[in-house]
Amino acid sequence: MPAGIMLPSVMDVAGNNVGGFGSSSMLSLGQMMMLQPNMIDGPGQLHPLDMTQTPTSDGEIPARLREEEFESRSGGSENQEGVSGDDADPNQRPKKKKRYHRHTQHQIQEMEAFFKECPHPDDKQRKELSRELGLEPLQVKFWFQNKRTQMKMQHERHENGHLRAENEKLRADNIRFREALSSASCPNCGGPIAVGEMSFDDDNLRLENARLREEIDRISAIAAKYVGKPVVNYPLINSHAFSRPLDLGVGNFSGQTSLGGEMYGSGDILQTITGPTDADKPMIVELAVAAMEELTRMAQTDEPLWMLSLDGIISILNEEEYVRTFPRGIGPKPDAFKSEASKETAVVIMNHINLVEILMDVNQWSTVFSGIVSKAMTLEVLSTGVAGNYNGALQVMTAEFQVPSPLVPTRESYFVRYCKQHADGTWAVVDVSLDSLRPSPAVRCRRRPSGCLIQEMPNGYSKVTWVEHVEVDDRGVHNIYKPLVNSGLAFGAKHWVATLDRRCERLASVMATNIPTGDVGVITSPEGRKSMLKLAERMVISFCAGVSASTAHTWTTLSGSGADDVRVMTRKSIDDPGRPPGIVLSAATSFWLPIPPKRVFDFLRDESTRNEWDILSNGGVVQEMAHIANGRDTGNCVSLLRVNSANSSQSNMLILQESCTDSTASFVIYAPVDIVAMDVVLNGGDPDYVALLPSGFAILPDGPPIAGCGIDGIDGNAGSGGSLLTVAFQILVDSVPTAKLSLGSVATVNNLITCTVERIKAAVAGEHPP
């Protein structure tokens, strides 16, 4: 007998020999040769008709040997055959051996189906399956073990391929970024730049630079993972490109068509701005990361960076300390520009997630801040952030900021907005101007890092710290508005925070369900409340968009005496369900009153004194039919008023009015509405088809706060005691859009607004004598 080829001893999990030296069974050379064609197709691969799996670890080898030992012991003489002449010694008799058992196609299919349902069968399941298939439980056990190993290998191969492709993408993008940065030039001097280099050798600055570079890499990685490349051009859908149809006072136009054309008027510098080029995008990312770092430190630092004013009411930026702390920035301040910086903190009734969504959605942002933002659009989204939230979101935007008066020029800005969630859970949203990428002599406003930090508070509240830091050429501001603009109440952080606080209260009232039913006139139907508030919100947005000195407006000044000049403009309304068709004439004027803003506001919103100034009410009695409270201040509400005309032959008229006030601004805005249409709205119907032509008043303090003299002259929150009042009317002068405007119509509207102003001055002067 030839000597058998012995295998090393292999132990099972119980320590028993299952093959090799010392075992009762051995594998001869002939057996090894018989195993090769049946079991192995190539290195490390099982025959596809067998287990369809290669043992990939030492733990799988004992299973195979145990199965071979089991089958060699259980096989009978009918399963043995001689070894071929090539495989045996010619001087010896052929040695019989067991033929290896192969599973049938039916057995494999059944085990495959069972594997999909249960990859790890227990002893009972294996015994049941072996009984059904005519196999031994041990054979079933080994088949499932090999099958699990096969699935693991396939999954790992797939993952490796996916990661390899991701790695190649990142490598290609990295090379492209390096090439773009190597050819970039400094926007100030025109020379080459070295990204990441610091002009100081201080160790702290070097550490800061390294951290900023890591932040840039993280943004690029987020974009590569979720978008496909670090900076991606997302063409915006027209319906979402603008915050709203900004068609009030935009010259002549037709309805809501051609929104892109309505956004811009003659001489609008935003008209020439397009999305950033690929070469600009790496610099934009770096600028956004540095701006986020600056905003965070400015919001969290007090003295010496911020100092209280002499009256202890407002914080003033220490310019010298700012330059020392942030030496790089966006470059030096241009000549003839002045710096405006302010910081304000408040707790608002809205959770941090909703606040971030409002700030990162251009539609919601411009709607909530409609008194400050006259128009806004997103030019390009560079990163959408991590899936599911705005962490890492980056977008290039344009916006026009306003004061509700034709006497204050608007401020146009081209900037990048970046959102980040810090390690402590605080969210931050920062804006920084991109004008340095495309210098233009027409630029009159630059936004240094400005924005807010949002900290989660209990019970759905949030703590908001807002920083506004701009450089602006304000030489076009009228003299009566300069104290207000210089104080920061017009465009500063206090105005943004006060507006946000008031709007959060309004949004909370929309969602309120515990409405008291005892008060007369309170609308308790949830559907009716939502429809009426939605209609009032459209009215406010329309009023604010049409009263400022926006570049989209073409105001014509009628003869007057300086600040009291009446400015008019016309437009055509065609096929717009939200406005009556025809020619609409808008008229506005701003003037100063020696009365505190709070008292002017209370006088104008009070229906009992309305007939003292409202010429269109014809001296009729005005009664409140219904109202919706919008916050803690009783002045924040939406009302439905009925004008009972003194002439009984005239039909009664309804007026929708919203009044809102905070420490920086107040509004009383109203519009005549159709009785039938309002009945539909109060029953929860769609308010978008109710035609509105809003008119009203914007009331601002005439200057910075003075200690001990409040907005009402009592509580310490307002200016020097006077008010800046803007009166704006919209009148349908002809129901035919193609008709030509007559001089008589202009004279009529001019007389209307002039008489209204005189009545207001006489009424408040008589009620509050000097």
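Which residues form a nonpolar patch on the surface? Val347, Ile349 and Tyr461, with about 230 Å² of accessible area together. Areas are Shrake-Rupley with a 1.4 Å probe, and for residues only the protein chains shown count as cover. Patch members have over 30% relative accessible area and no salt bridge, with nonpolar side chains (Val, Leu, Ile, Met, Phe, Trp, Tyr) joined within 5 Å and like charges within 9 Å. A salt bridge here is a Lys or Arg side-chain nitrogen within 4 Å of an Asp or Glu carboxyl oxygen.

Ground rules. This is a predicted model: local features need pLDDT of at least 70, side-chain atom pairs count only at pLDDT 80 or more, and totals for chains, interfaces and linings use all residues. Residues are numbered from 1 along each chain as its sequence is written, and side-chain values use heavy atoms, leaving out hydrogens and water.

Back to Val347. It is in strand E9, residues 338–348. Strands are DSSP runs of at least two residues, helices of at least four, numbered from the N terminus. Val347 counts as partly exposed because its relative accessibility is 43%; buried is under 20%, exposed over 50%.

Now strand E10, residues 373–383. It is mostly covered: 11 of its 11 residues are buried. E10 runs antiparallel to E11, residues 394–401, through eight bridges; pairing takes at least two DSSP bridges. Ala376 has Ala399 as its bridge partner in E11.

Last, the cores. A nonpolar core joins buried Ala, Val, Leu, Ile, Met, Phe, Trp, Tyr and Cys through side-chain atoms within 4.5 Å. The largest has 75 residues, and Leu500 is one of those touching the most other members. Helix H15, residues 526–545, gives the largest share, eight residues. A second, separate core has 32 residues, including Phe591 and Leu725.

Notes
Buried < 20%, exposed > 50% of the residue type's maximum accessible area, 1.4 Å probe, protein only.
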